[in-house]
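Here's a quick tour of one model, with a handful of packing details picked out. Have the structure open as you read.

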Amino acid sequence: MCGIIGYTGSEDVREVLLDALELLEYRGYDSAGIAVRDKESGNTQVFKCAGRVSDLRAICATERVLCGCGIGHTRWATHGGVNDSNAHPHQVGKVTLVHNGIIENYRELITDYDLAGDLKSETDSEVVAALLNRFYEGDPAEAIKKTVAKLKGTFALVVLFADQGDTIFSTRNVSPIVATSCKEGAMLASDLTALCRFTNRYFVVPEYHILTLTADKLTLTDFDGHEVEPEYLTADWELNSAGKGGYPFYMEKEIMEQPEAIENTIANRVKSGMPDFSLDGVPDSLFTDCERISIIACGTAMHAGLVAQALVKSILHMHIEVEMASEFMYSDPVIDEKTLVIAVSQSGETIDTLEAVKYAKRRGAKCLSVINVKGSSIARESDYVLYTNAGPEIAVASTKAYTTQLAVFYLIVARMAHSRGVFTTEETQSFIRELQRTPEVMKKVLERRRDIHVVAKKVLAAKDLFMIGRGLDYSILLEGSLKLKEVSYIHSEAYASGELKHGPIALITQDTPVVAAVTQEKLMSKELSNIKEVKSRGADVVIFMKESIAESIEGEYEVFKLPDMQDEFMVMPASVALQLLAYYVSSDKGYDVDKPRNLAKVVTVE
Ligand code: AGP
């Protein structure tokens, strides 16, 4: 969702801001804007519009002045429609501001402080600018503190005051801000991607602090005015690994990167053939002292949790629930000090997951998170973190984050099974050996991606589509179906194939293609019966099937053979195949695969 950049320094400010906004495009947005301070006149000029950063670039090209600092924003509309005046930055009196988050009490603030006359947009953000301007009497920190004291909700605020030279001010609650200083100046952003061009050293601005940036100095103070030393982190992402690397879309690049991403995720976590979390500082007591597991996540990350649930049930025979983070707090969950909560998130910023983690911790649970972005809010809120090491994931549709989350879950299940005495050492090592085969097996699917492109052409014209399977196959298809609908806009539903007869089979006709997964040997005959049922009602069927069992139906159906792994691991090759299916449908339809309509990569509003 919304992206923020702020920069003061020696480089061409406009270019730095516009380039950074392009890097933030992946978060999802519908409008963009920048404000720059003219060095000669001291005026702050605002350029903003609904549309793409490229549209903003065109507007900015009309007038060029020498600037010392500036702030920028990509907006994903929440309060007020998509139009130029609702785009950020907002300027009221001496204040120019960009905001991420939601101000819940903005209506009360308008009434209480009689701000209506100051407002030109329908946004909650402009109300903050108006309030700041109302409180500003020459002392930025005082005005910020007074304003923040009145706000209810989440916010990352970045502000220029007309009479404060080339200085940028920022504060936040929940919504993240990262910052850094380097030889080119000082900068802040909503996430690290925007800073990567300059440095991989950064810190997360703590909540309710004030960050002050000038070209040669960065100061962090708490609300009592005490200076605080920033806690710098180093991102281990290659600075240029966020590029497309010759692929037309990030999604394809990220699908292709999966074998390496899996290797990076498991490499330092296997010692003498055994799963080992000593470098992550995760103790075995976390796995032995719990009585139940609760996995909290959204979207694709939640689907990774569903695979983990199947493994935990069949291998550990433990009580486990997978909760949609957005429903979690309102469902009176059974959570106590005997519950191990595992939060899963690529970004580490999904607000529903973050709030659910806070809630679970208040109830006494220990929280382990599986996260891709280092130092993100959920990682900081958790007791323990296992990073997925997938590298930057830019495409809105999550691919390598999902399979690396699965890899972490296989490690967790193996470690847990061994520490709880369910697996012997030999059984654990054999399980891990199979996990280590994953990159090679995935490569085999990727090498045959042209065949999946051919399969994709068969569903291109579909308006509605079903994906069917049982057990682990059903879990895989929930993710495959989400992938297809988000990038291709085909209405796709994943169904447990045994459930079809209880209703949805009424929708099967010759116009509803069916994609089936058959990777679990013990379920094969039942799955094939369900496939026959839809075929005999006219549906075109494509089956993704484990190679060694596919012979039995040779010639009868359109089959893509998935290279063999043990059944518990077939999720890996099957997921890659389904990701490619979604990718080819979307690109063949000519869609912007990386930026599907209405979607945001980082979902920071509830
Ligand atoms: C995946 O393709 C999605 N776009 C989405 O479901 C995503 O997985 C979800 O929003 C959770 O994000 P997170 O992993 O960053 O928490």
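In this predicted model, let's start with a helix pair: the axes of α9 (residues 299–316) and α17 (residues 472–488) come within 9 Å and cross at roughly 175 degrees. Since angles over 145 degrees count as roughly antiparallel, that makes α9 roughly antiparallel to α17.

**The α9/α17 contact**
- On the α9 side, the contact is made by G299, T300, H303, L306, V307 and A310.
- α17 brings L472, S475, L478, E479, L482 and K483 to the contact.
- Sorted by class, the residues where α9 meets α17 are six nonpolar, four polar and two charged.

**The five-stranded sheet**
- Five strands form an open sheet in the order β23-β22-β24-β25-β26, and the pairing is parallel.
- Which strands stand at the edges? They are β23 (491–496) and β26 (558–562); each has a single partner strand, so one side of each has no neighbour in the sheet.
- On average, neighbouring strands in this sheet are turned by 20 degrees against each other, ignoring direction.
- β25 (residues 541–546) pairs with β26 in the parallel sense, over five bridges.
- Look for F544, which stands opposite F560 in β26.
- Helix α17 turns up again here: it packs on the sheet and touches β22 (464–469), β23 and β24 (514–518).
- The direction of α17 makes about 175 degrees with that of β23.

**Helix α2 and its buried face**
- In α2 (residues 53–60), the buried residues are V53, L56 and C60.
- As a general point, an α-helix has 3.6 residues a turn, so residues three or four places apart point the same way.
- The cover over the buried residues of α2 includes α1 (13–24), β2 (31–38), β3 (44–50) and β4 (67–75).

**T388, a loop residue**
- T388 sits in the loop between β21 (384–387) and α13 (400–419).
- Is T388 buried or exposed? Its relative accessibility is 1%, so T388 counts as buried, the cut-off being under 20%.
- Setting aside neighbours within four places in sequence, T388 is in contact with A261, T265, V370, I371, N372, T404, Q405 and V408.

Conventions. Residues are numbered from 1 along each chain as its sequence is written. This is a predicted model: local features need pLDDT of at least 70, side-chain atom pairs count only at pLDDT 80 or more; totals for chains, interfaces and linings use all residues. Side-chain values use heavy atoms; hydrogens and water are left out. Axes are lines fitted to C-alpha atoms, for helices over the stretch in contact, and angles run from 0 to 180 degrees between N-to-C directions. Helices (H or I, at least four residues) and strands (E, at least two) are DSSP runs, numbered from the N terminus. Angles under 35 degrees count as roughly parallel, over 145 as roughly antiparallel, 65 to 115 as roughly perpendicular and the rest as oblique. Contact means heavy atoms within 4.5 Å. Ala, Val, Leu, Ile, Met, Phe, Trp, Tyr, Cys and Pro count as nonpolar, Asp, Glu, Lys and Arg as charged, and the others, Gly among them, as polar. Buried means under 20% relative accessible area, exposed over 50%, partly exposed in between (1.4 Å probe, protein chains only). Two strands pair if DSSP finds at least two bridges between them.
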